[in-house]
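Subject: Structure handover

Hello,

Here is the structure I promised to pass on. My notes on it follow below.

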Amino acid sequence: MAKHIHIVWHSKTGNTAALVKALYDGISHSETVNCRLIDALNPSIEALTEADFIVFATPENFGYMSGGLKHFFDETYYEVEELQLALPYCAVISAGNDGTGAAREIHRIMTGYGFHKVVEDQIIKGTPSPNDLKAFTELGIALAEGLSLGIY
Ligand SMILES: Cc1cc2nc3c(=O)[nH]c(=O)nc-3n(C[C@H](O)[C@H](O)[C@H](O)COP(=O)(O)O)c2cc1C
């Protein structure tokens, strides 16, 4: 049966969006793992209940995740708490010069969600370079393979 990676994302000026597209392209190489893009501004519990693996992708704004991703968490927390989903996840941060604050605060929220981090934080500073995008496509391929093999 096919497995599902969902990417919950928000981007204001396009950098996070470019990383998400490269990741999506990599996952889409897989014949056994499907990828769905979830706009963080349109939260739904199905974005989580129908996923086997979640990627949260956001710019760092004022040392925090974007308001868009925070909105997704605000809107889904009570249902997640009831369902006890315990999903594996990975954080993708696009930052000007830091990114650690957004990553740290996502992990704090994930403690409440009961989700577990299985991949190192992916923090890219500035406009993603062709090499960054290539690395994200390769990461997508690796995530899909790992999920398919039951590593996550
Ligand atoms: C309102 C605002 C606040 C920001 N705060 C930070 C910050 O705290 N740390 C940082 O490294 N970059 C910060 N940046 C830069 C963005 O994180 C960076 O430009 C990022 O690549 C934008 O991603 P996006 O194109 O997906 O919107 C900020 C940008 C804006 C517009």
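Does V119 count as buried, exposed or partly exposed? With 17 C-beta neighbours inside 10 Å, V119 counts as partly exposed. The cut-offs are these: 20 or more other C-beta atoms within 10 Å of a residue's own make it buried, 12 or fewer make it exposed, and anything in between is partly exposed, with C-beta atoms placed from the backbone.

Two points before the rest. The model is predicted, so local features need pLDDT of at least 70 and side-chain atom pairs count only at pLDDT 80 or more, while totals for chains, interfaces and linings use all residues. Residues are numbered from 1 along each chain as its sequence is written.

Back to V119. This residue lies in the loop between β6 (116-117) and β7. Helices (H or I, at least four residues) and strands (E, at least two) are DSSP runs, numbered from the N terminus. V119 and C90 are 29 residues apart along the chain, and their C-alpha atoms are separated by 5.4 Å. C90 also figures in a second pair, with H107: 17 residues apart in sequence, 9.6 Å apart in space, C-alpha to C-alpha. H107 sits in helix α4 (residues 100-113). H107 is partly exposed, with 14 C-beta neighbours inside 10 Å.

The ligand

The ligand is surrounded by 18 residues, and the closest are S11, N15, T16, P59 and G96. Two or more residues of this shell come from each of α1 (15-27), β3 (53-61) and β5 (88-95). By type, the shell divides into four nonpolar, 11 polar and three charged residues. Here Ala, Val, Leu, Ile, Met, Phe, Trp, Tyr, Cys and Pro are nonpolar, Asp, Glu, Lys and Arg are charged, and the others, Gly among them, are polar.

The core

The largest nonpolar core has 42 residues. Its members with the most contacts inside it are I5, I7, V8, L23, I54, V55 and F56. β5 gives the largest share of this core, six residues. Such a core is a set of buried Ala, Val, Leu, Ile, Met, Phe, Trp, Tyr and Cys residues joined through C-beta atoms within 7 Å. In soluble globular proteins, nonpolar side chains tend to be buried together.

Look at I7. Neighbours within four places in sequence aside, I7 is in contact with V20, L23, Y24, C35, L37, I38, V55 and A57. Contact means C-beta atoms, placed from the backbone, within 7 Å.

Start with α1. This helix has 13 residues and reaches 19 Å from its first C-alpha to its last, close to the 18 Å expected at 1.5 Å a residue. The expected span is 1.5 Å times one less than the number of residues. T16, L19, V20, K21, A22, L23, G26 and I27 are its buried residues. They pack against β1, β2, β3, β5, β7 and α5.

Next, α4. Its 14 residues should span 20 Å at 1.5 Å a residue, and its end C-alpha atoms are 20 Å apart, which agrees. A102, A103, I106 and Y113 are buried in α4. They cover an arc of only 95° around the axis, so they are on the same side of α4. The arc is that of the directions from the helix axis to the C-beta atoms. R108, T111 and G112 are exposed on the other side of α4. The buried residues of α4 pack against β3, β4, α3, β5 and β7. After α4 comes G114, with a positive phi near 75°.

Last, α5 (residues 130-148). This helix has 19 residues and reaches 27 Å from first C-alpha to last, close to the 27 Å expected. F136, L139, G140, L143, A144 and L147 are buried in α5. Why are they on the same side of α5? They cover an arc of only 130° around the axis. P130 and N131 are exposed on the other side of α5. The buried residues of α5 pack against β1 (3-9), α1, β2 (33-39), β3 and β7 (122-125). G150 follows α5, and its phi is positive, near 80°.

Two loop residues

F62 is not a glycine, yet its phi is positive, about 55°. F62 lies in the loop between β3 and β4 (64-65). It is exposed, with 9 C-beta neighbours inside 10 Å. A86, also a residue other than glycine, has a positive phi near 55°. A86 is in the loop between α3 (67-83) and β5. A86 is exposed, with 10 other C-beta atoms within 10 Å.

Best wishes

Note on methods: Near = placed C-beta within 6 Å. Contact = placed C-beta atoms within 7 Å.
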